Amino acid sequence: MASVEKYQMRHISESYIVNIKQCMLDYVNWFNKEICSTPMSVFADFVLSLRDVLAWARFVMETSCNNTELSTWSPFAHGASLMHLDSLGLGIGLSREEASQTKTIAKEFLRNAIPKGTKSCCI
């Protein structure tokens, strides 16, 4: 059974899957281009990979299926934190200030990706 069909059987709409997927890809493209693409930047080696995206997507879908009390977009936000935001500044030579600034910018991008009028979630 294809993944989307499996999740549809668990009452997750296809439009939710499409919206989340697009927001995730937009974020990864933005992060890799705007944060990581400057040569000689401390972030140059911190590009988000396919593996990161797949782990985030798996977290979003499994959490959405198994936790109906969460707002629709909470798994999206928490998954981004688990995937990489929580680890910014750990062992990659970033100062506390650089890591904090980058997290703030990234969280703002994620907040703006969440459709207006949806339940708020913690980012």
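**Figure 1. The whole chain at a glance.** Of the 123 residues in the protein, 37% are buried (buried means under 20% relative accessible area, exposed over 50% and partly exposed in between, with a 1.4 Å probe and protein chains only). Keep in mind that this is a predicted model, where local features need pLDDT of at least 70, side-chain atom pairs count only at pLDDT 80 or more, and totals for chains, interfaces and linings use all residues. Residues are numbered from 1 along each chain as its sequence is written, and side-chain values use heavy atoms, leaving out hydrogens and water. Helices (H or I, at least four residues) and strands (E, at least two) are DSSP runs, numbered from the N terminus. The protein exposes about 7,700 Å², and carbon and sulfur atoms supply 53% of that area (Shrake-Rupley method, 1.4 Å probe; for residues, only the protein chains shown count as cover). Among contacts with a separation of 6 or more, 64% are between residues 24 or more positions apart; contact here means heavy atoms within 4.5 Å.

**Figure 2. Helix 4, wrapped up by its neighbours.** Helix 4 covers residues 74-83. It is largely enclosed by the rest of the structure, because 8 of its 10 residues are buried. The buried ones are Ser 74, Pro 75, Phe 76, Ala 77, Gly 79, Ala 80, Ser 81 and Met 83. What covers them? The cover includes helix 2, helix 3 and helix 5.

**Figure 3. Helix 3 against helix 4.** Two packed helices are described by the angle between their axes and the distance between the axes. For helix 3 (residues 50-66) and helix 4, the angle is about 140 degrees and the axes are 9 Å apart. Axes are lines fitted to C-alpha atoms, for helices over the stretch in contact, and angles run from 0 to 180 degrees between N-to-C directions. The crossing is right-handed (a crossing is left-handed if the near helix is turned anticlockwise from the far one by less than a right angle, and right-handed if clockwise). On the helix 3 side, look for Asp 52, Val 53, Trp 56, Phe 59, Val 60, Thr 63 and Ser 64; they meet Pro 75, Phe 76, His 78, Gly 79, Ala 80, Leu 82 and Met 83 of helix 4. Sorted by type, the residues of this contact are 9 nonpolar, 4 polar and 1 charged. Ala, Val, Leu, Ile, Met, Phe, Trp, Tyr, Cys and Pro count as nonpolar, Asp, Glu, Lys and Arg as charged, and the others, Gly among them, as polar. Helix 3 has 17 residues and spans 24 Å from its first C-alpha to its last, close to the 24 Å expected at 1.5 Å a residue; the expected span is 1.5 Å times one less than the number of residues. Its buried residues are Val 53, Trp 56, Val 60, Met 61, Glu 62, Thr 63, Ser 64 and Cys 65.

**Figure 4. Helix 2 against helix 4.** These two helices cross at roughly 35 degrees, and their axes come within 11 Å. This crossing is right-handed. Helix 2 brings Tyr 16, Ile 20, Cys 23, Met 24 and Tyr 27 to the contact, while helix 4 brings Pro 75, Phe 76 and Met 83. How do the residues of the contact of helix 2 with helix 4 divide? There are 8 nonpolar, no polar and no charged. Helix 2 itself has 22 residues and reaches 31 Å from first C-alpha to last, close to the 32 Å expected at 1.5 Å a residue.

Figure 5. Met 24 lies in helix 2 (residues 14-35). Is Met 24 buried or exposed? Its relative accessible area is 4%, so Met 24 is buried. Leaving aside residues up to four places away in sequence, Met 24 touches Val 53, Trp 56, Ala 57, Val 60 and Phe 76. Met 24 and Ala 80 are 56 residues apart in sequence, with their C-alpha atoms 8.7 Å apart in space. Lys 21 also lies in helix 2, but at 48% relative accessibility it counts as partly exposed.
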